[in-house]
Amino acid sequence: MSGAERPTLRIEGLTAEIGGRPILRGIDLEVGAGEVHAVMGPNGAGKSTLSHVLMGRSGYTVTGGRVLLDGVDLLPLATWERAKAGLFLGMQYPIEVPGVSLEDALGEAFAAVGRDRGEVVALLEAEAGRVGLDRRFLDRPLNVDLSGGERKRNETVQLGVLRPRFAILDELDSGLDVDALRAVSRRVEAATEETGL
């Protein structure tokens, strides 16, 4: 990168617990721009816990370590500040947000980082086309009445529109049929090349 360091997400000695029960016991991981890493393990190993701790979900207590995004420690930051810094979480079970449209949610995200919210509609439609998400789902409240596969496509649309620096995709494949998995996987792969995700 012409002398400049590439963007990096670095996890150093991360330990965390929930309800006094240790779950993460010294996680070390470094991810550079454009790289894809898979964290694998049996149910209950802490994969989802890691994603929730990185994004700042309440209920988890970090007991040690650091999480650095380009040298900035994310752990003291609120969840929205982590998102603003460029971290994205595609949840294993995306939640419904009644009363808030996808367009409104992304418009607010754009405004928070100084992007033109007028670009959202065109970007939404383009991204929906890339992953095969029916256009009618774009006008609904966020994830309301969507199947599991539609929710995963919807989250991939959000990823494409927001263009975060780093994405944590918790079981991206769950709820997807083979064709949907292919479309979503190709979109994520393209993002690593197009924007250095």
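Biologist: Is the crossing where helix 4 passes helix 5 left-handed or right-handed?
Modeller: This is a predicted model, where local features need pLDDT of at least 70, side-chain atom pairs count only at pLDDT 80 or more, and totals for chains, interfaces and linings use all residues. Residues are numbered from 1 along each chain as its sequence is written, and side-chain values use heavy atoms, leaving out hydrogens and water. A crossing is left-handed if the near helix is turned anticlockwise from the far one by less than a right angle, and right-handed if clockwise. The way helix 4 passes helix 5 is right-handed.

Biologist: At roughly what angle do the axes of helix 4 and helix 5 cross?
Modeller: Helix 4 covers residues 120-131 and helix 5 covers residues 148-162. Their axes (lines fitted to C-alpha atoms over the stretch in contact, with angles from 0 to 180 degrees between N-to-C directions) come within 9 Å. Helix 4 and helix 5 are therefore oblique to each other, with a crossing angle of roughly 130°.

Biologist: Okay, and how is helix 5 set against helix 6, roughly parallel or roughly antiparallel?
Modeller: The axes of helix 5 and helix 6 (residues 178-194) come within 10 Å and cross at roughly 15°. Angles under 35 degrees count as roughly parallel, over 145 as roughly antiparallel, 65 to 115 as roughly perpendicular and the rest as oblique. That makes helix 5, relative to helix 6, roughly parallel.

Technical notes: Helices (H or I, at least four residues) and strands (E, at least two) are DSSP runs, numbered from the N terminus.
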